[in-house]
Amino acid sequence: MGSVLHVLLPGRAKLAGTAGFADWLARGSRLPAGVPGYLAALAEHFRWPRGPLPAAALIRQSVAGDAGTSLWLSADPAWVQPELNGARLLACGNLGLSMADADSLVAALAETFEAEGMQLRVGDAQHWQLRLPAYVEVPSFPEPEDALGADLFEHLPKGEEGRRWRALINEAQVVLHNHPVNRTRVAQGLPPVNSVWLWGPGALPEWVETGLTRIYSDDLLEWALAHRAGVDIQPRGPLVGAAMAASQARDIAFESAAAVGLLDLQDVQSSDFAGVWWPLIEARLLAGTEIRLAFADGTRTALHKRHRLRFWRKA
């Protein structure tokens with residue numbers, strides 16, 4: 001079996017202007033569609049014993065090593081924008097918090113969650129976790145990618161079952177509203193951390209398996225999955241400057257010919273894809289590697305070197 005490089009990508013429209021890319025897509029082989037969304041695409045490459053992906057427990061084990069057998073729930077710092085008839089979730093995690101600021105915010109929130117028998121912990125500055133008592137019934141919470149940009153209240157748990165959780169989120173928002181960290185952030189032109197987003201409940205799975213041999217990603221959940229599966233993972237790295245970007249991408253695009261790799265470009269900017277990543281992925285394609293593309297809309301496409309001969313297929 002030759003080398004295979006799986007690439008996670010944003011929506012096709014975002015990359016439509018990349019020279020030559022649309023031609024390859026037209027000549028490639030369309031695979032069965034997957035479930036839309038980044039986490040669904042990621043889950044295609046990993047297996048665990050049962051149930052939905054327990055993101056909170058996996059991340060907790062990866063960053064702190066103390067997940068144990070407890071039930072965990074992600075409570076990531078979030079930015080919510082109030083509106084006339086509700087509020088909109090504009091960001092979740094990755095808000096550029098320092099560890100000192102994260103510790104300060106979590107300390108302020110601790111009493112709110114402890115009153116419900118829950119312990120709020122900082123995993124890293126951008127990702128927090130709740131350790132839940134075993135008796136707690138956790139309703140369905142949407143993943144951040146499904147809620148971003150949407151009306152917050154449409155995605156909160158409904159009915160009597162969700163009352164407790166809606167109240168907890170409201171209390172957390174009150175605590176965070178006038179916190180000194182947020183006053184400083186607003187004065188600096190940064191978005192406030194004025195809410196938490198709950199998602200990814202579950203206990204640490206006994207095992208995680210994957211057929212991948214190497215992963216390149218900057219996403220914390222992918223690192224957590226790789227650690228649990230015992231597979232090598234390397235940072236994709238910040239793309240700073242054309243020369244550095246080309247060097248980083250070249251290392252990834254031309255790694256071992258026998259590898260089954262995963263390259264996470266789901267958050268890539270169109271200019272970086274066109275100028276750095278696609279030329280090097282195409283070079284690997286022409287060298288004989290099978291490229292499997294997973295778009296955020298669920299489209300799956302396989303590209304082979306021989307597909308360049310399908311000249312009658314037009315973009």
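Modeller: Lys and Arg count as positive and Asp and Glu as negative, while His and the chain ends are not counted; the place of a charge is NZ of Lys, CZ of Arg, CG of Asp or CD of Glu. On that basis the chain has 29 positive and 34 negative side chains, and the centres of the two sets lie 9 Å apart. This is a predicted model, in which local features need pLDDT of at least 70 and side-chain atom pairs count only at pLDDT 80 or more, whereas totals for chains, interfaces and linings use all residues. Residues are numbered from 1 along each chain as its sequence is written, and side-chain values use heavy atoms, with hydrogens and water left out.

Colleague: Why does the radius of gyration agree with a compact globule?

Modeller: The radius is taken over C-alpha atoms, and the globule rule is 2.2 Å times the number of residues to the power 0.38. For 315 residues a compact globule would have a value near 20 Å; the chain has 21 Å, so the two agree.

Colleague: What makes strand β12 largely enclosed?

Modeller: Buried means under 20% relative accessible area, exposed over 50%, and partly exposed in between, with a 1.4 Å probe and protein chains only. Five of the five residues of β12 (residues 260-264) are buried, so the strand is largely enclosed by the rest of the structure. Val-260, Leu-262 and Asp-264 cover one side, Gly-261 and Leu-263 the other.

Colleague: Which strand is joined to β12 by five bridges?

Modeller: Two strands pair if DSSP finds at least two bridges between them. Strand β1 (residues 4-9) runs parallel to β12 with five bridges, and His-6 has Leu-262 as its bridge partner.

Definitions and conventions. Helix = DSSP H or I, 4+ residues; strand = E, 2+ residues; numbered from the N terminus.
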